[in-house]
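Subject: Structure for your review

Dear colleague,

Please find the structure below, followed by an account of what was found in it.

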Amino acid sequence: MNLTDLILWVAMPVMSLALVLAFVRLARGPTLSDRVIALDLTGTVGMGMIAAYAIARDLPVLLDVAIVLALLSFLGTVAFARYLERRVGP
Amino acid sequence: MREVISGVLVLIGAAFMLLAGVGILRMPDLYTRMSATTKVATLGVGSTLLAVVVYFGELGIVTRALAAVAFVLLTAPVAAHMIGRASYFIGVPLCRETAIDELRGQYDLRTHELESVCFPELELQLPDLQVGRLRIPDGAAAAGRTLAEIELRRRYDVSVLAVCRGSHTIPNPDGDVRLLPGDELILIGPPERLDDVAEALKGG
């Protein structure tokens, strides 16, 4: 089994399973904060999947996509945190 | 060789991400879920990006991958802290098995500033008096006795303003309120006598 097959048939399904578990928490809640951290986790796992896919397909440009995804995910989480706090704050 | 190391690193990363997914699903409350996902998922992504570093091994790509690792390592704790802080303020509950919430009472709920509770207005008008907070430790002599029995007012010139027990507060407690280990007393009195009370209540 070469590296491409290993990533596409073993690593990717495992990461996808992690994504599914995060989505279950996203759907279940129960609080908005739970949903926010579930979204944050999907962003992080998505970044890992992109990096793994960059190796499998020998496409280093995809790394830039992963960096942008990390940036967006971070900004989204911070914005959500501000919004959560502002909603009941001073 | 390079492919083998990189394959192992990707597998480790995938395993960590799966663990993060299990953690976010199985942990009992938001704060433990957050602890599971942020740390573990960050490790997973870091491991996968290290696999990229090992696999490509060219300067431009290595730099970008390491920059991405540094970015994730820097931002994950910040994001987690902001979400945890905001959730604590809006009252997201801790799980029922929680033994101690050390933050309770330490945040000013109006300004959202972290500080020990103080009563500046009160101290302005009463320069000789101080308001203090005192926790009854496990196995203290005072635990299990009533306020009347420990005679704080007669022996130390110190009055009890309130007793904080678990999530509720007994304001202006009577002499027949029985102290339990873990209770927190809000006391008012001369500063040096407050220290005496702290010493006396600590003793076993």
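A residue is called buried under 20% relative accessible area, exposed over 50%, and partly exposed in between. By that rule B:Arg85, at 26%, counts as partly exposed. Please note that the model is predicted.

Contacts between the chains

B:Arg85 forms a salt bridge with A:Glu85, at 3.2 Å from N to O. This pair crosses between chains, joining helix α3 (residues 59-89) of chain B to helix α3 of chain A.

Over all chains, the structure holds 7 salt bridges.

Within chain B

B:Asp183 and B:Arg165 form a salt bridge whose closest N and O atoms are 2.7 Å apart. The two residues are 18 residues apart and link distant parts of the chain: B:Asp183 lies in the loop between β5 and β6 of chain B, and B:Arg165 in strand β4. B:Asp183 is buried, at 2% relative accessible area.

Chain B contains 7 helices and 6 strands, and 40% of its 204 residues are buried. Its domain assignment gives domain 1 (2-89) and domain 2 (118-202), with 47 Å between their centres, taken over C-alpha atoms.

Helix α2 (residues 30-56) of chain B should span 39 Å, because its 27 residues are counted at 1.5 Å each; the end C-alpha atoms are 38 Å apart, which agrees. Of those 27 residues, 20 are buried. Just after this helix, B:Gly57 takes a positive phi of about 65°.

Surface and confidence

A:Met1, A:Trp9, A:Val10 and B:Leu11 form a nonpolar surface patch, with about 470 Å² of accessible area together. B:Leu11 belongs to helix α1 (residues 2-26) of chain B and is partly exposed, at 32%.

The mean pLDDT is 89 for chain A and 83 for chain B. In chain B, confidence is lowest in helix α4 (residues 120-125), with a mean of 58. Where pLDDT is low, the predicted coordinates should not be read in detail.

With kind regards

Technical notes
Residues numbered from 1 in each chain as written. Chains lettered and ligands numbered in written order. Predicted model: local features only at pLDDT ≥ 70, side-chain atom pairs only at ≥ 80, totals over all residues. Heavy atoms only, no water. Patch = residues over 30% accessible without salt bridge, like charges linked within 9 Å, V, L, I, M, F, W, Y side chains within 5 Å. Areas by Shrake-Rupley, 256 points an atom, 1.4 Å probe, with all protein chains shown as cover. Salt bridge = Lys/Arg side-chain N within 4 Å of Asp/Glu carboxyl O. Helix = DSSP H or I, 4+ residues; strand = E, 2+ residues; numbered from the N terminus. Buried < 20%, exposed > 50% of the residue type's maximum accessible area, 1.4 Å probe, protein only. pLDDT = per-residue confidence, 0-100. Domains from an automatic or database assignment. Expected span 1.5 Å × (residues − 1).
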